[in-house]
Amino acid sequence: MKNKTKSLLLCAMFAALVAVGAFIRVPVPLLPFTLQTLFTGLAGLLLGSRRGAIAVAVYVAIGLLGIPVFTAGGGPGYIFQPSFGYIIGFIGGAWVAGRMAETTRNPGVRTYFVAGLAHLAVIYAIGLVYYYIIANYYTGSPIGVWTLLLHCCLLTLPGDFASCLVAALLAKRLRPVLATA
């Protein structure tokens, strides 16, 4: 029973952290970025694939129910926002990062960083494809592939790489603590 309660609390805590991360904007030149990527990556790295994905899925469900936890609001209509693909990618990314971290015997910062990069790859793969489809075929705001890659990937990569490094460093320090708590 204790493990179920701990799992529920950790999943709820990370769902809340991702929601808070949507509103913490780090000002950098050109495009500010939020801490959602950091917290979704940490969810996978610290909770494992299953619980990490569940925590992020709870965040997504809360937003789709209408609670404004996404960066631009919430509600079921948010699925028609071009950026919603990144939110879907958060779930898969947390699962991938968690899977990579839990299948390594004694993960170090390097393992966590590589898992974080895989997390980013999933987010970008789903997010970019979704953005392109919704922008070009639903909203009537066509965007070219190169413009999409520049504005929705290349300009945000430095901040996301930094969040992967921070997540790796935090995971190395926090995972043993969470395992004994």
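This is a predicted model: local features need pLDDT of at least 70, side-chain atom pairs count only at pLDDT 80 or more; totals for chains, interfaces and linings use all residues.
## How α2 meets α5

Let's begin with a pair of helices. Two packed helices are described by the angle between their axes and the distance between the axes. Helix α2 covers residues 36-47 and helix α5 covers residues 109-137. Their axes come within 10 Å of each other and cross at roughly 120 degrees. Angles that are not roughly parallel, antiparallel or perpendicular count as oblique, and α2 and α5 are therefore oblique to each other. The crossing of this pair, α2 and α5, is right-handed.

Which residues of α2 and α5 meet? On the α2 side they are Thr37, Thr40, Gly41 and Leu45. On the α5 side they are Tyr112, Ala115, His119, Leu120 and Ile123. Sorted by class, the residues in the contact of α2 with α5 are five nonpolar, four polar and no charged.

## How α2 meets α4

Helix α2 also packs against helix α4, which runs over residues 84-102. Here the angle is about 40 degrees, and the axes are 7 Å apart. The helices α2 and α4 are therefore oblique to each other, and their crossing is right-handed.

From α2, the residues making this contact are Gln36, Thr37, Thr40, Gly41, Gly44 and Leu45. From α4, they are Phe90, Ala94, Ala97, Gly98 and Ala101. By class, the contact of α2 with α4 holds five nonpolar, six polar and no charged residues. If you look back at the α5 contact, you will find Thr37, Thr40, Gly41 and Leu45 of α2 listed there too.

## How α4 meets α5

The next pair is α4 and α5. What angle do the axes of α4 and α5 cross at? The answer is roughly 155 degrees, and the axes come within 7 Å. An angle over 145 degrees counts as roughly antiparallel, so α4 and α5 are roughly antiparallel to each other.

The crossing of α4 and α5 is right-handed. The contact of α4 with α5 has 20 nonpolar, seven polar and no charged residues.

Tyr86 is found in helix α4. Is Tyr86 buried or exposed? Buried means under 20% relative accessible area, and Tyr86, at 14%, therefore counts as buried. Leaving aside residues up to four places away in sequence, Tyr86 touches Ile123, Tyr124, Gly127, Leu128, Tyr131 and Cys152. Tyr86 and Cys152 are 66 residues apart along the chain, and their C-alpha atoms are separated by 10.0 Å.

Pro82 sits in the loop between α3 (49-64) and α4. With a relative accessibility of 15%, Pro82 counts as buried. Not counting residues up to four places away in sequence, Pro82 touches Gly127, Tyr130, Tyr131, Ile134 and Thr139. Pro82 and Ala135 are 53 residues apart in sequence, but their C-alpha atoms are 5.9 Å apart in space.

## Two residues of helix α1

Ala12 lies in helix α1, which spans residues 2-21. Ala12 has a relative accessible area of 44% and is therefore partly exposed. Where sequence is concerned, Ala12 and Val58 are 46 residues apart, while in space their C-alpha atoms are 7.8 Å apart.

Leu10 lies in helix α1 as well. Leu10 counts as buried, with 10% relative accessibility. Beyond residues up to four places away in sequence, Leu10 touches Leu47, Arg51 and Leu178. Leu10 and Leu148 are 138 residues apart in sequence, and their C-alpha atoms are 35 Å apart.

## The cysteines

How many disulfides does the count come to? The count is zero disulfides. A disulfide is a pair of cysteine sulfur atoms within 2.5 Å. The cysteine sulfur closest to that of Cys152 belongs to Cys153 and is 8.6 Å away, which is too far for a bond.

At 14% relative accessibility, Cys152 counts as buried. Another cysteine, Cys11, also counts as buried, at 9% relative accessibility.

How values were computed:
Residues are numbered from 1 along each chain as its sequence is written. Side-chain values use heavy atoms; hydrogens and water are left out. Axes are lines fitted to C-alpha atoms, for helices over the stretch in contact, and angles run from 0 to 180 degrees between N-to-C directions. Helices (H or I, at least four residues) and strands (E, at least two) are DSSP runs, numbered from the N terminus. Angles under 35 degrees count as roughly parallel, over 145 as roughly antiparallel, 65 to 115 as roughly perpendicular and the rest as oblique. A crossing is left-handed if the near helix is turned anticlockwise from the far one by less than a right angle, and right-handed if clockwise. Contact means heavy atoms within 4.5 Å. Ala, Val, Leu, Ile, Met, Phe, Trp, Tyr, Cys and Pro count as nonpolar, Asp, Glu, Lys and Arg as charged, and the others, Gly among them, as polar. Buried means under 20% relative accessible area, exposed over 50%, partly exposed in between (1.4 Å probe, protein chains only).
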